[in-house]
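Here's a quick tour for anyone meeting this structure for the first time. Have a look at it below, then read on for a helix and some charged pairs.

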Amino acid sequence: MHPSKPLNLFFILTVTIRLCFADLPSFREAPAFRNGRECPQTTWSSLDKEIHNPSIIHIAMTLDTAYLRGSVAGVFSVLLHATCPENIVFHFVTTHRHGAKLTRAITSTFPYLNFHLYYFNTNLVKGKISSSIRRALDQPLNYARMYLADLLPAGVRRIIYFDSDLIVVDDVINLWSINLRSHVLGAPEYCHANFTNYFTSKFWSNPAFSASFKGRPRNPCYFNTGVMVIDLWKWREGKYTEKLENWMRIQKRYRIYELGSLPPFLLVFAGDVEGMEHRWNQHGLGGDNLEGLCRALHPGPVSLLHWSGKGKPWLRIDSKRPCPLDSLWAPYDLFRHPSLFSNS
């Protein structure tokens, strides 16, 4: 065999990989994570339309090209700290545009991962989205969390929703096991935050709008929608997607808030949320929505670190200007440096 042929074959393979994964980062393959001895041996199939298996942990995340590196780190962190990683099913929501490429990226990075992919019809929200203070908040996929009850099989009774800019440093079973009681949704609440700031003066000056918070079980408090535990059966029964869509229509006409998909959730659920320990959403590590400056951790224990805000750890690390807390995200980064694909 001519000595140059293996090199040429390698070059062709490299070019093919670059074309297939153009505009997508490449990742190292994650190891296989196995259950501990105490884990129940069970399986789940999307064909089990009406069967709820409480031993299976269901986690939903969105997948897109811009946040793929964050999503991969998030998945890796969940598996690494889970006692029963084989009992976790990921439900990824994406769009048709990049679905095939993203699926290949997840499969090659996590060959043993139990996951399902769902395509979100962006036409459901395109006519309802209003511009906000940050362009990333206006992407249709940012609103897919409102449609999980429509996208996922009926057999999925409960879901954990995670944003793509967080890592979990605790066993996710502890989050999954919280008692939602009569509530549809559970999340850490932050009642010290100035709730009025999340809505415009047009909202508060209109009695019909401001009265929407009356009659709630408790005073409304801010909660971050990047970490939620949701009872999908109760969500469907209460037609909560329609309630969220209604506020989006009102927003288009009256401009009652400035922040993407968060305010509709506050309008529908604030004051009727099952509160969780703050350890499950140490959010705001990406700074505010304008500058993304470095921030410190909130006081108290930590089970989940969330880089909500403009600053994302992978971007700050690549720019050689990381914040101190970005070093906590870096060990979960499976990104493969482009130099590994060079011909040299």
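A salt bridge here means a side-chain nitrogen of Lys or Arg within 4 Å of a carboxyl oxygen of Asp or Glu. By that rule, a search of the whole structure turns up 10 salt bridges. Keep in mind that this is a predicted model: local features need pLDDT of at least 70, side-chain atom pairs count only at pLDDT 80 or more, and totals for chains, interfaces and linings use all residues. Residues are numbered from 1 along each chain as its sequence is written, and side-chain values use heavy atoms, with hydrogens and water left out.

**The Asp333 and Arg69 pair**

- Asp333 and Arg69 form a salt bridge, with 2.7 Å between the closest N and O atoms.
- Asp333 sits in the segment after α13 (326-329) and Arg69 in helix α2 (residues 68-81), so this pair ties together parts that are 264 residues apart in sequence.
- Helices (H or I, at least four residues) and strands (E, at least two) are DSSP runs, numbered from the N terminus.
- Both Asp333 and Arg69 are buried, where buried means under 20% relative accessible area, exposed means over 50%, and partly exposed is in between (1.4 Å probe, protein chains only).
- Asp318 joins in too: Arg69, Asp318 and Asp333 are linked in a network of salt bridges.

**Two other salt bridges**

- Arg145 pairs up with Asp163, their closest N and O atoms being 3.4 Å apart.
- That pair links distant parts of the chain, 18 residues apart: Arg145 is in the loop between α4 (123-126) and α5 (148-151), and Asp163 is in the loop between β4 (158-162) and β5 (166-168).
- Arg145 is buried at a relative accessible area of 5%, and Asp163 is buried at 14%.
- Arg255 and Glu258 also meet through their side chains in a salt bridge (2.7 Å, N to O).
- Arg255 is partly exposed, with a relative accessible area of 26%, and Glu258 is partly exposed at 33%.

**Helix α11**

- How many of the residues of helix α11 (residues 262-269) are buried? The count is 8 of the 8, so the helix is largely enclosed by the rest of the structure.
- The buried residues include Leu262, Pro263, Phe265 and Phe269.
- Packing against the buried residues of α11 are β6 (185-190), α7 (201-204), β7 (222-223), β8 (227-231), α9 (232-238) and α10 (240-254), with contact meaning heavy atoms within 4.5 Å.
- Just after α11, Gly271 takes a positive phi of about 90°.
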